[in-house]
Amino acid sequence: MDRYLTVEEVADSARQLVSRYPGTARLRRVGTSRAGRPIEMLSVGHGPHHVLVVARPHPDEPVGGTTALALANRVAGGDGGSPATDPARTTWNIVLCLDPDGAALSKGVEAATATPAPTLHDYYRTAFRPIAAEQPEWAPIESSQLPETQALFTVIDELRPFLQCSLHSVEAGGTWVQLTDALPELPSPFGAFATELGIPVQLGTFDALYWENPAPGIHVLPPPHSTARLAPGSENIGLSTWCAPQRYGGITAIVEVPMWATDMAGDPTPHPEPVPALRELAALVRDGGRQVTTVLDKARAFLPPPETDASRRVLEWMADGLYDLVATSWEQLTRRPAPYPLPKAQICALDIVARRQPLRAAGLLLRLLHAAPDPAAPALHHDLNDLYTSWCTSFESALRLRWVPVHAQVELQSRTVVAAAESALRARMP
């Protein structure tokens with residue numbers, strides 16, 4: 001099957017797996033979302049060592065549920081190739097969807113990308129990503145207490161996993177892994193998997209610009225006292241669900257795979273003029289944000305209020321300084337020397353962010369305008385859609401994007417998760 005499974009299909013498949021392996025697999029509800037949707041966890045195996053896998057932490061990243069089932073079937077089917085996948089030694093606990101409410105608002109993504117040649121235009125018109133304070137993994141940093149977050153914290157405290165794997169994907173770029181602690185045996189198989197599947201390893205990221213980088217595509221969180229952090233606003237990353245397993249000696253691996261790949265993401269050549277490039281990208285994200293916000297300003301009076309509409313909350317959050325926050329962080333790089341020469345791949349990674357921020361907002365606003373009954377809505381929709389279409393076309397052509405088949409995304413992500421579990425388990429049991 002070369003398409004993403006929906007949340008409902010993942011849940012149905014999990015129940016079928018439990019029926020096929022009643023002595024090995026079980027499914028239970030571990031929490032309830034803000035809107036009352038179940039948060040379910042599939043456990044496979046009865047071993048004393050626990051891996052925790054978290055699917056769909058971001059609702060606009062649909063690969064995780066399909067990967068989760070691939071992992072569950074591999075372990076349930078008796079893959080005893082290593083202690084990490086031996087159900088008698090290791091139990092795999094898989095949260096099928098951490099943000100079911102967000103997934104319901106991003107429901108069209110699976111259908112939009114099921115065509116033979118999906119496009120960014122299809123994707124951003126259906127994707128939804130909540131504000132930071134409503135993202136379950138990230139909410140504790142924003143001092144938010146979400147029931148989804150609490151459910152995950154409770155599972156972590158119950159299982160004390162030696163490894164937590166968070167299944168993410170990026171719209172465009174390459175593949176990479178972020179770790180809360182080093183896994184020295186992971187880089188070699190990870191790089192080999194990516195090469196075999198024809199997916200570039202991303203040599204620079206927006207999220208982990210100054211993290212330790214022991215191997216291509218591998219980024220390790222700096223110690224708590226370090227000033228080297230993620231993107232702006234992540235100073236309190238230690239409060240996130242990613243870091244929770246550390247109190248039990250566990251490690252978290254955030255495994256990113258691209259939906260659309262660009263070979264530019266793996267270009268190690270030093271960029272010849274990084275400072276002008278950074279200034280151009282800062283201007284690009286600001287200008288795109290300004291143009292979307294101009295349309296939003298004209299539509300605010302007849303759009304649903306942010307108190308009751310999650311998409312409107314995202315638009316207001318982005319308009320209220322997010323574009324400037326991103327742009328300013330890059331401008332700061334132009335005023336101080338970087339800790340290492342910026343490769344073309346790093347500029348590519350920032351280029352992707354600069355283009356996707358306004359596109360995410362434009363996609364949401366187009367959906368709201370399409371549904372609005374006000375007579376002014378169609379003209380605003382028409383003008384924004386022209387802008388949106390040109391941005392998508394420019395994105396695809398400038399970075400020479402190519403669609404990565406879903407089966408390749410899933411294969412790379414699932415193999416990387418297993419390799420991380422093998423490495424973490426060996427570190428735990430020399």
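How many residues lie between β1 and β2 in the hairpin that they form? There are five. Glycine 36, in the turn, has a positive phi of about 90°. The model is a predicted one: local features need pLDDT of at least 70, side-chain atom pairs count only at pLDDT 80 or more, and totals for chains, interfaces and linings use all residues. Residues are numbered from 1 along each chain as its sequence is written, and side-chain values use heavy atoms, with hydrogens and water left out.

Leucine 27 stands opposite leucine 42 in β2. Strands (E, at least two residues) and helices (H or I, at least four) are DSSP runs, numbered from the N terminus.

In soluble globular proteins, nonpolar side chains tend to be buried together. A nonpolar core is a set of buried Ala, Val, Leu, Ile, Met, Phe, Trp, Tyr and Cys residues joined through side-chain atoms within 4.5 Å. Buried means under 20% relative accessible area, exposed over 50%, and partly exposed in between (1.4 Å probe, protein chains only). The largest such core has 117 residues. Leu163, Trp330 and Leu369 have the most contacts inside it. Helix α10 (residues 344-371) gives the largest share of this core, 14 residues. Apart from this core lies another, of 14 residues, including Val30, Val95, Phe153 and Leu159.

Contact means heavy atoms within 4.5 Å. Neighbours within four places in sequence aside, tryptophan 330 is in contact with Phe206, Leu278, Leu281, Ala282, Val285, Leu350, Val353 and Ala354.

Arginine 129 lies in the loop between α5 (120-124) and α6 (147-159). Arginine 129 counts as buried because its relative accessibility is 16%. Its side chain makes polar contacts with the side chains of histidine 58 (3.1 Å) and glutamate 61 (2.6 Å). A polar contact is a pair of N or O atoms within 3.5 Å; within protein, one must be able to donate a hydrogen and the other to accept it, and residues adjacent in sequence count only if both atoms are side-chain atoms. Among the other residues in contact with arginine 129 are Gln135, Val314 and Arg360.

The structure holds zero disulfides (pairs of cysteine sulfur atoms within 2.5 Å). For cysteine 243, the nearest cysteine sulfur, that of cysteine 165, is 14 Å away. Cysteine 243 counts as buried, at 7% relative accessibility. For cysteine 392, the nearest is that of cysteine 348, 17 Å away. Cysteine 392 is also buried, at 2%.

Terms used
Two strands pair if DSSP finds at least two bridges between them.
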